[in-house]
Amino acid sequence: MLTTPRHAQKLSLFFLFCFTLLLTLCLSLPWVSAKETTKPQPEPWQINGIVAALDDGHDQVKGYALSKLVEYDLQNLNSVVQKPEDIAKKAAQILKDEKVDKYLRGSAAEALGNLGQAAANYVPDILKFLKDEKVDSDVRGSAAEALGNLGQAAANYVPDILKFLKDEKVDSYVRGSAASALGKIRQLKLEEVVVVLNFVYEPNQGKFGTGKDNFEFWRFWSYFLGGGDEKVKTLLTWLGRPKTTPDKPEHAQAFKTLEVFRDAWEPSKDLTKLQQDLASQIAVVARKVSWQPQDIVLLETHYHNLKNAGYNEADSLQSVIINLKGWQWFFNARITILTHAAFWLLLIFVYPKSPQVQAIFFWNPWVRRILGVGYVGFLLTWVPSFRRKLFEPFKPSLLADAGLDNFQEQSYFPQSQVKVPSGDIFPVTAALPKIHGQVILQGDSGLGKSMFLRHLLTNSQRIVVYLPAQKCHKGVIEAIQDKLHGQAQDAGFLKNLIYSGAIDICIDGLNEVTAETRAKICQFVESYFRGNIIMTTQPLEWTPPSTAKTYYLQPLEQSQIQEFLLSRQPRLPKDAQVQGQDYEIACIDYLKEVLKDQQPQEELNAARRILSNPMDLTVVALMLSQGKHPNLFRLQEQQYNLMAAEYLKEWNQEFPLKKFAAAVYEMRMQDKQALPADEFFQVVKSLEDEKYKMVVSRQWQDEKGEAKQEWYFRHDKIMDFFLVQNFLGNSDEAEGLLVDRMGDPRFRGVYFLLATLLPLDAAKELREKLIQYAADTKDNTVSNTFVQLLRTR
C-alpha cells in the first residue's frame, strides 16, 4: 500500500495557506487602489434643508444637520441660495454655546472647518474650544482637525497653536492633533519647528494616538512642517535623537550649525528637554572643531546663553574661548601669580587689625598700585569679601549716625505694611527685604521709617553707610568721604563702588533739609542709577529722583493695633507692674473701650488715627504696663515729659514751657496755625524729633525760589496741652482765664484737660463755676464732660 510521507502533508498545508493569502490580496486590490471619492457639490434644496434643520429646537437634529454639512464640498456655494457666511454664523453660534452638548459643539467645529474662508472669522472660537479642558480629548481632536482644514484662514493663529503645543499638561492626543493640523496651514519657521521637535523627547509616545506612537513620527513631522529648510535639516542632524551625528564636521559646517543653534536657543527656553539636548550638542560641536579668532563672538554668545541658563556646558565653551584668546600663558605662570595672590590675601586678612599694614600697603596709593600689579586694587573694588575687609575698620563710622547701639531688633514691628509702586500692599519686610535698587520710603511721622532703616542695617551683611540728610549739604560723596580714610576715601574708588551697587546707602529725613540739599541728593541718585540707595521722607512738595521707586509706609490697621501692643511686652521695663497674661488682658480691654462705637464719630476716628501710629502706640503700651489707664487726650503729657527731659540734656536748659505756652495762646487767639519758629527754633526742632513728632513741618519754595519751612501742631489735642499751661497756677491771670474762656469753643478741650490737671480742690471749685455758667447760658456741653472727667479722680 502506497503511503504519503509526513513532510509531504506539511508541504501541502503550506501551499494551501499561501494560495489563500494570495487570493485574499487579489480580491482586496481594487479597494486599495481605488481613489478617495471626492465630496459632491450640494444641490440648493439640500443645503437649504440642512440650514433649516440648524434652527430646530432639538440638539440632536442640529447634530445630524452639522454631520450632513461635512459630507458636501462647501468651498464654493455661489450657486446656492444660502450664503456660506450665514451657514458659518449658525455653526459658530452652536460652537460658542457652552450649554450645548460638547459632541454637538465638536460637530459644529468640523462643519466650520469644511466651510473654508467663510469660517475665517471663527478660528479664535475653534481655538478656544480646542483649549477647553472640560471637553473630551477626542472631541477636541476634531476641533484641531477643523483648524487644519481651514488652511490659510488659520495662518495668523499659528503662534497661538504653537503656544498651546508647549503646554505638556494638555492631553497628548489633543496636542498631537493640533500639531498635525499645522501641516495643512503653512510652513513653519525654524523657531516654530522646535516646538514640534520637542515631542521627540516626551515619554510614553503612545499617548499621542495612533500613528504618533514613536519619536520617528515627530522627526518626520519636523521635516515636513519645516518644508525641507536647510536650517531645519541642520537642526535635526544633531537634535531629536538622530541615528548618528557627524564625527568630524568641517569648520564651515560647524559654524553654520552653531548659528542654527543660536537661532533655536531663545525659542527653546520653555522646552526643557529639547534645550538640555541643545546645550549638550552646543558643547559637542564646540569641542570638535578648531575655531578661528573671528568665531569668538558666536562662541561667546553661546557661552552667555548657557551660563545664564545655568548649564554646566558653559565651562566647555569657556575653555574653548580661553584657548582661542591665547590665555594659555596665564596658566603657565600660575605658580607666580598664586604666590603673589597669597601674599596679598594674607595682608588683606591682617589689614583690619594692623594700623601698620593699613598705612604701608593699603593707604599708600603708590605701594598698592606697584606691588599690587593692578589686580589687587581691582579685587578690592569688585570682590565682595575683599570689600568688606577693606571697609571693616570704618564700619562703626559708616553706621555711627544710625544709633544702632540703642536699637533692639525686638523693638521693631515687622508687620508694618507698605504700598508698593504697583498699588499692592505688603509687609514692609517682604516688599523691601534688603536695599536693592533705588527706593524712596515715604510716610507720615512716627510710622517707623527710621526704625525700618535700622532694621535693615542690623540684618545686612553688605557694606552700608547711613547718612542723615542734613550731612549731605556738601554732597553725598563728600559725606561718605568724611567717614573714611586711605583708598576707601578715594572719590573715584567710591564712585565705582556705588555705581556697581557694591556699597549700599541709606539717606534718612529728606524732609528735614533745604531744597538745595535735596536737589544735590536727587542729582547724586540719578547719576548713580545702578546704585543701591534707600531714602526716607515725610510727604512734601518736591520732585523725587526719576530713577527711584516710591514706597508708601502705611499706618497700622485696626487688626494690627492689638498685635503691636502685645508685641511690646518683651521691651517693657523689667519692673513693669502689669506683665504676662495680665498685660495682654489689659491691652485687649483697653482697645475695646477706646474703640467702641458708642462715642462721637470724630473722637472715634481720632482715637483710631492716634492708635494706628506706632510712635503713639508705644507710649500707650508703657502706660498700660505701669497699671495706668491711658487717655489718648492725656497721652501728650507723657510725650512732653520725655521730650522736655531730652531738651534739657541737648540744650543744657529747661524747656521754656510757660513762655512757649503763652505764644501758643496768642496763636489761638489770632487763629494762626504756624508756630513762631524764629523765636522758638530750638523748641520746634525738639518737638519735631522723630521720637515725639508733636509737630510736623511743611517745606516749599516761595516766588523767589527760596526754600521756606513752617511747623504745625500735629493735632489739636497737642495744642490744647500747651494752651492749658496758661490756665494752671495761682496767678490772677490764670484765674481770670478760667472764667473768661468758658464760652469760647476754641478752648473747649482745655477745660477737659483742667479736670485732670488742676489740684482737686481747685477742680471742684471750677466745676461749680462751670455749672453756674451752664445754668445761665443753657449750654452745658463743657460742664457735663468736665463733671464726668472729674468723677474719675
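Two residues are in contact when heavy atoms of theirs lie within 4.5 Å. In the predicted model, contacts in the protein chain between residues at least 6 apart in sequence were sorted by separation, and 67% of them join residues at least 24 apart. The secondary structure of the chain comes to 40 helices and nine strands. Of the 793 residues in the protein chain, 45% are buried.

In helix H8 (residues 158-166), the buried residues are Val158, Ile161, Leu162, Phe164 and Leu165. Viewed down the axis of H8, these buried residues fall within an arc of 155°, so they line one face of the helix. An α-helix has 3.6 residues a turn, so residues three or four places apart point the same way. In helix H38 (residues 748-757), eight of the 10 residues are buried, so this helix is largely enclosed by the rest of the structure. The buried residues of H38 are Gly749, Val750, Tyr751, Phe752, Leu753, Leu754, Ala755 and Thr756.

Packing between helices was examined for one pair. Two packed helices are described by the angle between their axes and the distance between the axes. Helix H30 (residues 580-594) packs against helix H32 (residues 614-625) at an angle of about 125°, and their axes are 10 Å apart. This angle makes H30 oblique to H32. The crossing of the two helices, H30 and H32, is right-handed. On the H30 side, the residues that meet H32 are Tyr583, Ala586, Cys587 and Tyr590; on the H32 side, they are Val620, Ala621, Leu624 and Ser625. By class, the contact of H30 with H32 has seven nonpolar residues, one polar residue and no charged residues.

Backbone angles were considered next. Most residues other than glycine have a negative phi. Arg241 is not a glycine, yet has a positive phi of about 60°. Arg241 is placed in the loop between helix H12 (230-238) and helix H13 (251-265), and is partly exposed, with a relative accessible area of 46%. Asn652, likewise not a glycine, has a positive phi of about 60°. The loop that holds Asn652 runs between helix H33 (635-651) and helix H34 (657-669). With a relative accessible area of 68%, Asn652 is exposed, because a residue counts as exposed over 50%.

A further residue considered was Phe681, which lies in helix H35 (residues 681-687). Phe681 has 45% relative accessibility and therefore counts as partly exposed. Phe681 and Trp711 are 30 residues apart in sequence, and their C-alpha atoms are 10.0 Å apart in space.

Conventions: Residues are numbered from 1 along each chain as its sequence is written. This is a predicted model: local features need pLDDT of at least 70, side-chain atom pairs count only at pLDDT 80 or more; totals for chains, interfaces and linings use all residues. Side-chain values use heavy atoms; hydrogens and water are left out. Buried means under 20% relative accessible area, exposed over 50%, partly exposed in between (1.4 Å probe, protein chains only). Helices (H or I, at least four residues) and strands (E, at least two) are DSSP runs, numbered from the N terminus. The arc is that of the directions from the helix axis to the C-beta atoms. Axes are lines fitted to C-alpha atoms, for helices over the stretch in contact, and angles run from 0 to 180 degrees between N-to-C directions. Angles under 35 degrees count as roughly parallel, over 145 as roughly antiparallel, 65 to 115 as roughly perpendicular and the rest as oblique. A crossing is left-handed if the near helix is turned anticlockwise from the far one by less than a right angle, and right-handed if clockwise. Ala, Val, Leu, Ile, Met, Phe, Trp, Tyr, Cys and Pro count as nonpolar, Asp, Glu, Lys and Arg as charged, and the others, Gly among them, as polar.
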